[in-house]
Amino acid sequence: MAETGAGQHGVATATAAAPHGHGMRGVHGRRRHDPSGTQCVSDAASGCGSDTRYRQERQRLKDAVSEAMREWTSRISDTHYCLGSVMGPHPFPTIVRDFQAVISKEIKEQMIAKEGRLPDAVIACVGGGSNAIGSFYHFIDDKEVRLIGCEAAGRGIDTCETAATDRHRKTWNLPWYEILFLSG
């Protein structure tokens, strides 16, 4: 089982499962789900089933993650959940970060080899976070490198139809920790 926003994680998981005879259920955000689109054609070709049933009304990637988590926890004996976004409880965000960190490792190695220096900036699409954390991870301690995350503004950042959830951030400070809430 895998959640997917743009479809690439679902296609990758189905492709990995198919040679081993495993079925795969992809849970898509309905707003991004186009039955004639590339993700569904690839899903069908690899034997993956697509599902857009939700219990929540916004039907975005975070809703696909919630729906996939609900289904997985109700079928844990015969299902494995391949979470591809930097979301959910530990250890999922750490696992995704560690797998995707090859992106920043290769960027850093290639920049030093070809240019003899680090880049001025690394720019990444945020989305579910895997591309961004993968692109940024090996540069986090390099203060001279600007890390720039981009989000789709959708129909405007002051609407509910935007991926820019950071616009709606709220911080809750307690003496022993700080929690950042994002809503969208």
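Mentor: M24 is placed in strand β2, residues 24-28. Strands are DSSP runs of E with at least two residues, helices are runs of H or I with at least four, and both are numbered from the N terminus. This is a predicted model, in which local features need pLDDT of at least 70, side-chain atom pairs count only at pLDDT 80 or more, and totals for chains, interfaces and linings use all residues. Residues are numbered from 1 along each chain as its sequence is written, and side-chain values use heavy atoms, with hydrogens and water left out.

Trainee: Is M24 buried or exposed?

Mentor: Buried means under 20% relative accessible area, exposed over 50%, and partly exposed in between, with a 1.4 Å probe and protein chains only. M24 has a relative accessible area of 7%, so M24 is buried. In the C-alpha positions, M24 and H80 are 9.4 Å apart in space, although 56 residues separate them in sequence.

Trainee: Which residues are closest to the centre of the second largest pocket?

Mentor: First the term: on a 1 Å grid over the protein atoms alone, a pocket is an open set of points with protein on both sides within 12 Å along at least five of seven lines, and lining residues have an atom within 4 Å of a point. A volume is the space filled by probe spheres set on the points, which are joined across faces, edges and corners. Here the volume of the second largest pocket is about 300 Å³. Its lining has 13 residues, and M1, A17, H22, G23 and H80 are the closest to its centre. Helix α1 (8-17) and strand β2 each supply at least two lining residues, with α1 giving the most, three.

Trainee: Which residues make up the largest nonpolar core?

Mentor: In soluble globular proteins, nonpolar side chains tend to be buried together. A nonpolar core is a set of buried Ala, Val, Leu, Ile, Met, Phe, Trp, Tyr and Cys residues joined through side-chain atoms within 4.5 Å. The largest one has eleven residues: M1, V27, L61, A64, V65, A68, M69, W72, Y81, L83 and F92. Helix α3, residues 61-74, gives the most to this core, with six residues. A second, separate core has seven residues, including L118, A124, F136 and F139.

Trainee: What does E71 touch, leaving out residues up to four places away in sequence?

Mentor: Contact means heavy atoms within 4.5 Å. E71 lies in helix α3 and touches M1 and R25 beyond those sequence neighbours. Its relative accessible area is 18%, so E71 is buried. The buried residues of α3 pack against β1 (2-4), β2 and α4 (92-100).

Trainee: How is the length of a helix checked?

Mentor: The expected span is 1.5 Å times one less than the number of residues. Helix α5, residues 102-115, has 14 residues and should span 20 Å, and its end C-alpha atoms are 19 Å apart, which agrees. After α5 comes G116, with a positive phi near 75°.

Trainee: How many helices and strands are there in the protein?

Mentor: The protein has six helices and seven strands. Buried residues make up 34% of its 184 residues.

Note on methods:
On a 1 Å grid over the protein atoms alone, a cavity is a set of points where a 1.4 Å probe fits but cannot get out, and a pocket is an open set with protein on both sides within 12 Å along at least five of seven lines; lining residues have an atom within 4 Å of a point.
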